[in-house]
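Subject: The structure for you to look at

Hello,

Here is the structure I promised to pass on. Please open it beside this email and follow along as you read.

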Amino acid sequence: QRPLPGQRCFRKKRNAAKRRQHQSEISRNLERNYSIALKMNEFYKNKVMLAPMAGVTDLAFRTICKECGADLVVSEMISSRGLHYKDKKTAALLKTNQTEAPLIVQLFGNDPEIMAESAKTLEGMGVSYLDINMGCPAPKIVKNGDGCALMQNEILAGKIAETVVQAVSVPVSVKFRAGWD
């Protein structure tokens, strides 16, 4: 059955209106993301940064690196579940001092809600910047679906990044690898 000429025209107009609405939403998101990218560029510009290293970048090491000229220091990987369940070992990894500011904390996990809750907790503790770890290849991290295992589930990885960014006002970045294997 052929639609009546008026119905077809109405559909075209409705679809055109939806397209315009979608395009304006995309434009707003691009402007917001561009603004964030510019702020991140200024944040990192001409900075010497200590990379996060599990088992290495504890408070003492970060303090020494700051004293030796590092502009930015990053914590060891912090488990979002460890924060959620108030694990003592996780709390020990979060020990900090005034000289570290601005402090960047690297967070890992695979549950968007727990990641967002942990990000809020860290923001409340005065963290300046969050880095989501989606690149750690350590077997004990990957077997739980954390770290680079998230690269096999793009939808979950996107949901984690989205919920964390929406939960906090501090800048958020994601560390990932060029490929899963």
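Below is what I found in it, starting with the whole chain and then moving to a few places in it.

Please keep in mind that this is a predicted model.

**The chain as a whole**

The chain contains 7 helices and 5 strands. Of the 181 residues, 34% are buried. Among contacts in the chain with a separation of 6 or more, 69% are between residues 24 or more positions apart. The chain exposes about 11700 Å², and 56% of that comes from carbon and sulfur atoms.

**Helix α7**

Next, have a look at α7, which covers residues 154-167. This helix has 14 residues and reaches 20 Å from its first C-alpha to its last, close to the 20 Å expected at 1.5 Å a residue. Which residues of α7 are buried? They are A157, I160, A161, T163 and V164. An α-helix has 3.6 residues a turn, so residues three or four places apart point the same way. You can check that for yourself by colouring the buried positions. The cover over the buried residues of α7 includes the helix α5 (112-124) together with the strands β4 (129-134) and β5 (172-176).

**V172 in β5**

One of those covering strands, β5, holds V172. V172 counts as buried because its relative accessibility is 15%, and the cut-off for buried is under 20%.

**E100, a glutamate in a loop**

I would also zoom in on E100, in the loop between α4 (88-93) and β3 (103-108). Is E100 buried or exposed? With a relative accessibility of 0%, E100 counts as buried. What does its side chain meet there? The side chains of E100 and R62 are joined by a polar contact of 2.2 Å. A polar atom of the E100 side chain also lies 3.1 Å from the backbone nitrogen of N97. Setting aside neighbours within four places in sequence, E100 is in contact with L59, R62, K66, V73 and K95. R62 is therefore on that contact list and is also the partner in the 2.2 Å polar contact.

Happy to go through any of this with you on screen.

Best wishes

Technical notes
Residues are numbered from 1 along each chain as its sequence is written. This is a predicted model: local features need pLDDT of at least 70, side-chain atom pairs count only at pLDDT 80 or more; totals for chains, interfaces and linings use all residues. Side-chain values use heavy atoms; hydrogens and water are left out. Helices (H or I, at least four residues) and strands (E, at least two) are DSSP runs, numbered from the N terminus. The expected span of a helix is 1.5 Å times one less than its number of residues. Buried means under 20% relative accessible area, exposed over 50%, partly exposed in between (1.4 Å probe, protein chains only). Contact means heavy atoms within 4.5 Å. Accessible areas come from the Shrake-Rupley method with a 1.4 Å probe; for residues, only the protein chains shown count as cover. A polar contact is a pair of N or O atoms within 3.5 Å; within protein, one must be able to donate a hydrogen and the other to accept it, and residues adjacent in sequence count only if both atoms are side-chain atoms.
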